Amino acid sequence: MTENRQGYIISGLCAVALGLVLTLGTGSPFTERAMGLWTDCLVWLEQPASHLRGFYWTGRKWVLERRFLIDKLSKMEEENDALFLSLHLKDALDLRDFLLESTVNAMVDLRLPLSWWKEIRINQGGMDGLSPGDPVLQNGFLIGRVNRVDCSKSWITLLTSTEEMTPVVIRETRDVGVVVGDGMGGIWLCYIPLDSEIKAGMNLDTALISEIIPPGVPVGTVTDDMRDNEQGYREYRISSGADLSRLYDVKVFRRGDKLP
């Protein structure tokens, strides 16, 4: 107990002595030099903490600004997608209305046995706005095009005719070829290179290179029946999406009407 009390007394006397030295030494060159050195030491100790604090606040500000910009960009993309969809939906509806107005229904009123796979006649003609070259469809698939037009009648050349050649594109591979009939009910895809990767089940649409028939009209699908010709091309039998042996009601797309 006595030793502890002595320790307290000695510590108190040292503190009083140091206070007296600092008080009495204030303003002396030695004291100013000592305080300057101490201040320099404190600056060296404080600088890392100051830099770390600056890095922290700068990084935090960058993260917050980046998050704000990302949120704003996402919102702008959503608004842009909605505006794009709205504009194109209107165009699609306008195009649908135009196609419906440009399409006329017709009935097949004559199909001669000797030219069964060559042509048919329908009960719509020039007075109904039809003209040579107009594509004719059944169930949404191309079956041929108008060849001759009278006042109230028109003759349609079928895809199965040997006289009809239609440029097409394979939807999956974008290969371009020509479909031509064999006069016996068959339709063949011609002028396809041997190394083309065409498989059964792929779809055919009319090609953009045709000046007579608009592009994108479905024609049919590729079958696994194929043959190679002497010119170095492979030919594929096509399955039409229409029932070419039972043609009663057809639709004619009048090309005389201009696209909107």
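Thr166 is buried in this predicted model, with a relative accessible area of 1%, where buried denotes under 20% relative accessible area, exposed over 50% and partly exposed in between (1.4 Å probe, protein chains only). The place of Thr166 is in strand S6, which spans residues 165-170; helices (H or I, at least four residues) and strands (E, at least two) are taken as DSSP runs and numbered from the N terminus. When residues up to four places away in sequence are not counted, Thr166 touches Leu142, Leu159, Gly177, Val178, Val179, Thr206 and Ile213, a contact being defined by heavy atoms within 4.5 Å.

Strand S3 (residues 135-138) and strand S4 (residues 141-149) pair in the antiparallel sense over 4 bridges, pairing being assigned if DSSP finds at least two bridges between two strands. The hairpin of S3 and S4 has 2 residues between the strands, and in this hairpin Asn139 takes a positive phi near 55°. S4 pairs in turn with strand S5 (residues 154-158), again in the antiparallel sense, over 5 bridges, and the bridge partner of Val146 in S5 is Ile156. These two strands, S4 and S5, form a hairpin with 4 residues between them.

The largest nonpolar core has 35 residues, and those with the most contacts inside it are Ile122, Leu189 and Leu204; such a core is a set of buried Ala, Val, Leu, Ile, Met, Phe, Trp, Tyr and Cys residues joined through side-chain atoms within 4.5 Å. With residues up to four places away in sequence not counted, Leu204 touches Val168, Val169, Ile170, Arg171, Val179, Leu189, Val217, Pro218, Val219, Gly220, Val222 and Ile238.

The protein chain has 2 helices and 12 strands, and its pattern, read along the sequence, is α-α-β-β-β-β-β-β-β-β-β-β-β-β. Of its 260 residues, 29% count as buried, while residues 24 or more positions apart account for 55% of the contacts with a separation of 6 or more.

Residues are numbered from 1 along each chain as its sequence is written, and side-chain values use heavy atoms, with hydrogens and water left out. As the model is predicted, local features need pLDDT of at least 70 and side-chain atom pairs count only at pLDDT 80 or more, whereas totals for chains, interfaces and linings use all residues.
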